[in-house]
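Here is a friendly briefing to read beside the model. Please have the sequence and the 3D view open as you go through the points.

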Amino acid sequence: MSGYFITFEGGEGVGKTTQLKLVADELRKKGYDVIATREPGGTILGEKIREILLKGDVDKMTPMTEALLFTAVRADHVEKVIKPAVNNGKIVLCDRYVDTTFAYQGYAHGLGIQKMMDLYSLAIGNFKPDLTVIFDIDPKKSHGNLTEMNRFENMGNEWLSKGLQGFRECAKFDKKRCVLMDSVGEIPEITNRIMKIINEKLGL
Ligand code: TYD
């Protein structure tokens, strides 16, 4: 039996990581075999490249170099971790995936969402998440609770707001796969919201 690949996407400090752990617990309680992973990361190489991408000066590399590095380690992550797990019937929950490349490198940096889609097809092919939950938030209410800022969070509020807009654009591109979810609310309330989406979309 084939499993499922579910990704969590959205702006900075919207609670994706907290919710991913809680949703993994809920799915395990229902008896599913769940793997939690993240991007950039998820493999030894991915975690090394993560350091390079997230640390240092804002302008230490060009947007295209960023896009290529994120995509390069994504190809490794998909082949070594995600696909084998899904093929073994597991549910893979991934904290960020290609929609962040669309929103940040494609939209906020201006490389173009279509170009990033082409890059994805070239590197990864047709394999896509079964479901993507995009944590939506009003740009004016976001970026408030960031601690220990990474290179992207240091790009400034205007750039981050553009990224948020980019996620809304992504949701329009692939309405079957992407669900734009209001991420404002109490933690358990949001967990229930996500579990409902997973149930409605995938019957889990
Ligand atoms: P992370 O600490 O995981 O961010 P968060 O906790 O907000 O999820 O850092 C990952 C950073 O990398 C995040 O700021 C967004 C950025 N990123 C991209 O710009 N493009 C991508 O394709 C991915 C996967 C991440």
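**Ligand site and overall fold**

A polar side-chain atom of Arg 50 sits 3.1 Å from an oxygen atom of the ligand, which counts as a polar contact (a pair of N or O atoms within 3.5 Å). This is a predicted model, in which local features need pLDDT of at least 70, side-chain atom pairs count only at pLDDT 80 or more, and totals for chains, interfaces and linings use all residues. Numbering runs from 1 along each chain as its sequence is written, and side-chain values use heavy atoms, with hydrogens and water left out.

**Contacts with the ligand**

- Lys 16 places a side-chain N or O atom 2.7 Å from a ligand oxygen.
- For Arg 96, a polar side-chain atom lies 3.0 Å from an oxygen atom of the ligand.
- On its own the ligand exposes 540 Å², and the protein buries 90% of that (accessible areas by the Shrake-Rupley method with a 1.4 Å probe).

**The shell and the pocket**

- The ligand is surrounded by 15 residues, each with a heavy atom within 4 Å of it.
- The closest of them are Glu 12, Lys 16, Arg 96, Thr 101 and Gln 105.
- Sorted by class, the shell holds five nonpolar, four polar and six charged residues; here Asp, Glu, Lys and Arg count as charged, and Gly is among the polar ones.
- At least two shell residues come from each of α2 (44–54), α3 (63–87) and α4 (98–108), and α4 gives the largest share, four residues.
- The largest pocket is the space that the ligand takes. A pocket is an open set of points on a 1 Å grid where a 1.4 Å probe fits, with protein on both sides within 12 Å along at least five of seven lines; a molecule sits in it if more than half of its atoms lie within 2 Å of its grid points.

**Overall fold**

- Seven helices and five strands make up the count for the protein chain (DSSP runs of at least four residues for helices and at least two for strands).
- Along the sequence their pattern is β-α-β-α-α-β-α-α-β-α-β-α.

**Backbone details**

- Glu 39 and Pro 40 are joined by a cis peptide bond, with omega about -10°.
- Pro 40 is in the loop between β2 (34–38) and α2.
- Arg 96, in the loop between β3 (91–95) and α4, has a positive phi near 75° although it is not glycine.

Definitions and conventions:
Polar contact = N/O pair within 3.5 Å; in protein donor to acceptor, adjacent residues only side chain to side chain. 1 Å grid on protein atoms, 1.4 Å probe; cavity = no way out; pocket = protein on both sides within 12 Å on 5 of 7 lines; lining within 4 Å.
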